[in-house]
Amino acid sequence: MSSVTTLEPPVSPGATPEPPERHRVSGGMLDPKQLLVSLPDACRKLDPRTMVRNPVMFVVEVGSVLTTLSAIKDPSVFAWVIAVWLWLTVIFANLSEAVAEGRGKAQAETLRRTKTDTVARRLVDWRHGAANPREESAPAAELRLGDHVVVEAGQIIPGDGDVVEGVASVDESAITGESAPVIRESGGDRSAVTGGTTVLSDRIVVKITSKPGETFIDRMIALVEGAARQKTPNEIALNILLASMTIIFMLAVVTLQPFAIYAGAEQTIVVLVALLVALIPTTIGALLSAIGIAGMDRLVQRNVLAMSGRAVEAAGDVNTLLLDKTGTITLGNRQAAEFVPAGKVTIEELADAAQLSSLADETPEGRSIVVLAKERYALRGRAEGELRGAQFVPFTAQTRMSGVDLVEDGDQRSLRKGAATAVMQWIRENGGHPTEEIGPMVDAIAGAGGTPLVVGEVVEREGTKVATVLGVINLKDVVKAGMRERFDELRRMGIRTVMITGDNPMTAKAIADEAGVDDFLAEATPEDKMALIRREQEGGKLVAMTGDGTNDAPALAQADVGVAMNTGTSAAKEAGNMVDLDSNPTKLIEIVEIGKQLLITRGALTTFSIANDVAKYFAIIPAMFAGVYPGLHHLNIMGLHSPTSAITSAIIFNALIIVALIPLALRGVRYKPSSASALLSRNIWVYGLGGLVLPFAGIKLIDLVVQFIPGLN
Amino acid sequence: MNDTLAGWLQILALLAVLALSYRPLGDYMAHILTSPRHWKVEKFLYRAGGVDGDADQRWPVYLRSVLAFSAMSVLFLYGLQRLQNHLPLAEGMAAVNPATSFNTAVSFVTNTNWQSYSGESTMGHLVQMAGLAVQNFVSAAVGIAVVAALIRGFTRRRTDRVGNFWVDLTRIVLRLLLPMAFVFAIILVACGAIQNFHGVHSISTIVGDHQSITGGPVASQETIKELGTNGGGFYNANSAHPFENPNAFTNIVEIYLLLVISACLPRTFGTMVGDKRQGYAILAVMALIWAASVAIITVNELHSYHSAAGHAAGGMLEGKEQRIGVWGSALFAASTTLTSTGAVNSFHDSFTPLGGGTTIFNMMLGEIAPGGTGSGLYGMLILAIITVFVAGLMVGRTPEYLGKKLGGREMKFASLYILTTPAVVLVGAGIAMALPGERANMLNTGAHGFSEVLYAFTSAANNNGSAFAGITVTSNWWNTALGLAMLIGRFLPMVFILALAGSLGKQQPVPATAGTLPTHRPQFVGLLTAVVIIVVGLTYFPALALGPLAEGLH
């Protein structure tokens, strides 16, 4: 196809790296209307068979039933107020889960709308370069693997696939939510398109790579709906702790009755249940499942699909990040930075030859040569058809060269550009002798971290061949802005970064130093990558990596967190446990942050929940026993109005705090990458101390109101 | 020298000798528990017992060995008491009744040393020496062996072998407890404690009454009673008796003995896991709680008395020995209830409500500051695990302690551990309070009477063995109920500890990074202390409110 005159490095808007100063991973805000909409779902979840999966809240539900029965038997304002608020506590807990799920459902609904019955324009017997292939209409659902379809401006891409011809701007907002269009083009690493997205300009031919019903949108719908949500290992461990605390407090409350009877202060069922509910960790118990769902949801909002919650948790634990140099650390690909002519060749001659030989090179490197020649030496990028008699030789991984064979005035002129060894070999084969100076030139560029590409020429005139090396192109990696700060941040979080590159060790080291990664793996083969992962894992470390190629698949499967690029091959997507829709490898860092934020939110709310108990004791214990032991009035440090108003206030606080914390549970607590010590200090101050102090104020405030309920005292 | 100065000097002297002991004794214990070499006499014992001293046991086997050994000990001790009138050195004592025998056998095997009998009028010398004294050694050694297995769970990788119980037991007795007990017995004798095989002397007092004075191998018993955090006295008056604890100096020696092994075990832990700072962090938490407890009890006993006698004496001297004083008694009371010793040199029942309440609270914390030999450290490590779990989440990682991940399995055992003792205490006290007949055994009425019952079950379930006194616990019901509380409170937690050790040992440790929660900093020390007070303390708050708090707040 045609060469593309891209002026800027090919970075699609969706893949713009996050500015480094944006620390906070945040989710969408909670719309109060969502609470109302989710209410019916919340009430449906009152079914004991559903509740029993959450032991803490199940105990509250049983307590609500007991209190209600007791209130029916011995009606009093106090008993009914407590009964109502206990039921509200359970409903609020269910509400948090329903809201979290509701957000996923809304997303799934949006996605379903994109699955309209698109009619595909299938091309029969399409081959590369074939003119006017036969076209037929076919429903999108009937497309098979390997079918070719053509999509033009304004049409919807009928299925997942790879662009094999053309370039187009595509609106992927249906999936990614990003309204700015992205460029999708044949060759290179941005060839994958997703069904349901819309072509905005130009025309592309897409080779279908998914079976009907297994498209990306289908999988995405299943994931965001959370149909197969399972408790993650950490969630299970926390549940065990919460359940055992619940049992301890049940024992404490049940055995309190004989003590109380002895003291002459027998308690009613209502008061005992109120004490129990106040003590067991209801806050975290109520919000635990919402936190997990919201964590997955935050990833989805960042266009990352995690195949399991386990993977999200593992992301928080990652010790080592394997980052592909290209696209993650450096901008897209290496770019031509300068032409270094050899011998008597002028720089213009070299630029011209370099451009001509790169016209058929669809790789970003090839394109950058065309661009450099055009920008710096005003050489217009010529389309392939423009040069008559030109035979283009595309770049392949085997030959490691691209070029063109031209017939000019009966002379045969061949130009080749490619890896130094390949081009030198080609020159020698054609009877040429690369000059001595080429070797040092190549080494100098490589030593400075650049990639040398050699341009060679063979001119065949009247049976004699003259093979010469014209010069060297210096391809340089451009390290993305802000990467060094990011890596410093990761280091503070205790995460080691390893750059993976196919470059030689010298080049790799130069870039590694410039970017500030901890380590690098040069001349990496898939086997090397695999060995590195294994080695890290044997040392007890968790490894995360991104990958897109088929040869990345084994490593993606071996890594604890394997993020496959959406543009990548289907083998890579199958092997990884996450897929990044934006195909932005830098996002791995964000994924780690989201994983950490999920765990921090759980820990912070657990701490908050436990710390709350202190104030509740000071509210309820004097209310229960100050009648028989007046000294216990000293414990009523909040100065609550009456025993009944004190207990009521504690229970109302206990219920309201759940609703108040739903937004936090959904959004996740504030997370700023820093060392474990700093994080812990902050969270202890906010959630530990806050959890200790806040309920004193809250219960007192509620007491100021409820004391006026007629008949409560 | 006034009381205050003397009190401070006692505390400082105690802290100084403990500090001097920390490194050498801690490292020596680590050496005992890790050395591959056996002593000749040990090799002989292993051969005699058919034990392969070089073979490590998987955790279930280790557990079976602990349980089998303890079961044999209970049976032996029970038989010895029941048959003592047919055996030599009975000093004319009759066979002990079944319930008391059961209670006593369990009590000494579980390192509780709760005594529902009066030593000098129930047990002959043979039972005292061949039965009770032997258990004073081995029950202490069992605790250390179990914590050694847990530490090995932390240090080992990819194995479920946690050590060899028989080797641990033998080495701890032969290399640690016997030599120390021998040396300190001589010191006690030199300072006035008695050591003889005399029977009962009948003497006439100057006012013309007759008094029976029982002699016996007191100093040797006394040493291991404190050193092994046992607490079972030769005499009913325990360390308040002048033959056991003659003066202020022996008082400090005895407090030192009951603290020293448990206080140095954090060093053993730090040395074995290869990071001594971890030991210091654990020690710091223990020291903080201990210091706070000593302070609260001392202040209350010195200042919050409300009786005329108290005013006259300048402190709450009721139930305390004049020769030991308020300071020495408070120091002893805090130390004995924060370890699983339970020896007493004063009558805790007569303490001020808040002072006495603190002794109950000390035990409720699970006796972890520094706790019983071995059991104190493993109790504290469980709480450290709970702390690491919650705090670890707050730093955004799957929590790990010393490189070992705390997943569902680890949390299950840790949770069951912290569940066991409160369950036994609360259910036991609940049943006792619900039964009018058993309630009637209380000496006092009202909140104080309830404190006596609460104290009894707290002491038994936590294997402390100290008594609030006041309550009469010699009935079959009390003997059996408290016996069961001691059994469950001792061995069920050991099951969870060893299972946890096995589960930790199987893991490949995760290397520490900047993202790992540091468990050696003051931050963690503070957090662990808060968890101990809030998580454990909150469980008992309602019960405490009806006992010591109801009584102590005016």
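Contact here means heavy atoms within 4.5 Å. The model is predicted. It scores ipTM 0.92 and pTM 0.85.

Confidence in chain B was examined by element. The average pLDDT of chain B is 90, and 98% of the residues score at least 70. Within chain B, the lowest confidence falls in helix α11 (residues 308–313), with a mean of 68. The highest falls in helix α3 (residues 59–82), at 96.

Two annotated positions in chain A were then considered. An unreviewed UniProt entry places the feature "binding site" at A:D548 and A:D552. A:D548 lies in the loop between β20 (543–547) and α20 (553–558) of chain A. A:D552 is likewise found in the loop between β20 and α20 of chain A. Their accessibilities were computed in turn. A:D548 has a relative accessible area of 29%. This value lies between the limits of 20% and 50%, so A:D548 is partly exposed. A:D552 has a relative accessibility of 8%. Buried means under 20%, so A:D552 counts as buried. With neighbours within four places in sequence left aside, A:D552 is in contact with A:K529 and A:G547.

Over all chains, the structure holds 21 aromatic pairs. One of them joins A:F339 and A:Y377, with ring centres 5.8 Å apart. Their planes stand at 50 degrees, so the pair is tilted. A:F339 lies in strand β12 (residues 335–341) of chain A, and A:Y377 lies in helix α14 (residues 364–377) of chain A. The pair therefore ties together parts that are 38 residues apart in sequence. Both A:F339 and A:Y377 are buried. Ring pairs also link A:Y617, A:F618, A:F696 and B:F541 into a cluster. This cluster includes residues of chain A and a residue of chain B. In chain B, a charge sits over a ring: B:K320 lies over the face of B:F351, at 4.0 Å from the ring centre.

The interface was described last. The size of an interface is often given as the accessible area lost when the parts come together. Chain A and chain B bury about 5000 Å² between them. Of this area, 73% is on carbon and sulfur atoms. On the side of chain A, the residues that lose the most area to chain B are A:F259, A:Y262 and A:L680. Together they make up 15% of what that side buries. The contact takes 59 residues from chain A and 63 residues from chain B.

Terms used:
Residues are numbered from 1 along each chain as its sequence is written. Chains are lettered from A and ligands numbered from 1 in the order in which they are written. This is a predicted model: local features need pLDDT of at least 70, side-chain atom pairs count only at pLDDT 80 or more; totals for chains, interfaces and linings use all residues. Side-chain values use heavy atoms; hydrogens and water are left out. UniProt positions are given in the numbering used here, feature names are shortened, and annotations may be inferred rather than shown by experiment. Helices (H or I, at least four residues) and strands (E, at least two) are DSSP runs, numbered from the N terminus. Buried means under 20% relative accessible area, exposed over 50%, partly exposed in between (1.4 Å probe, protein chains only). pLDDT is the predictor's confidence in each residue, from 0 to 100. Rings of Phe, Tyr and Trp (its six-membered ring) pair if their centres lie within 6.5 Å; planes under 30 degrees apart count as stacked, over 60 as edge-to-face and the rest as tilted. A charge sits over a ring if NZ of Lys or CZ of Arg is within 6 Å of the ring centre and within 35 degrees of the ring normal. Buried area is the accessible area (1.4 Å probe) that two parts lose on being put together, summed over both.
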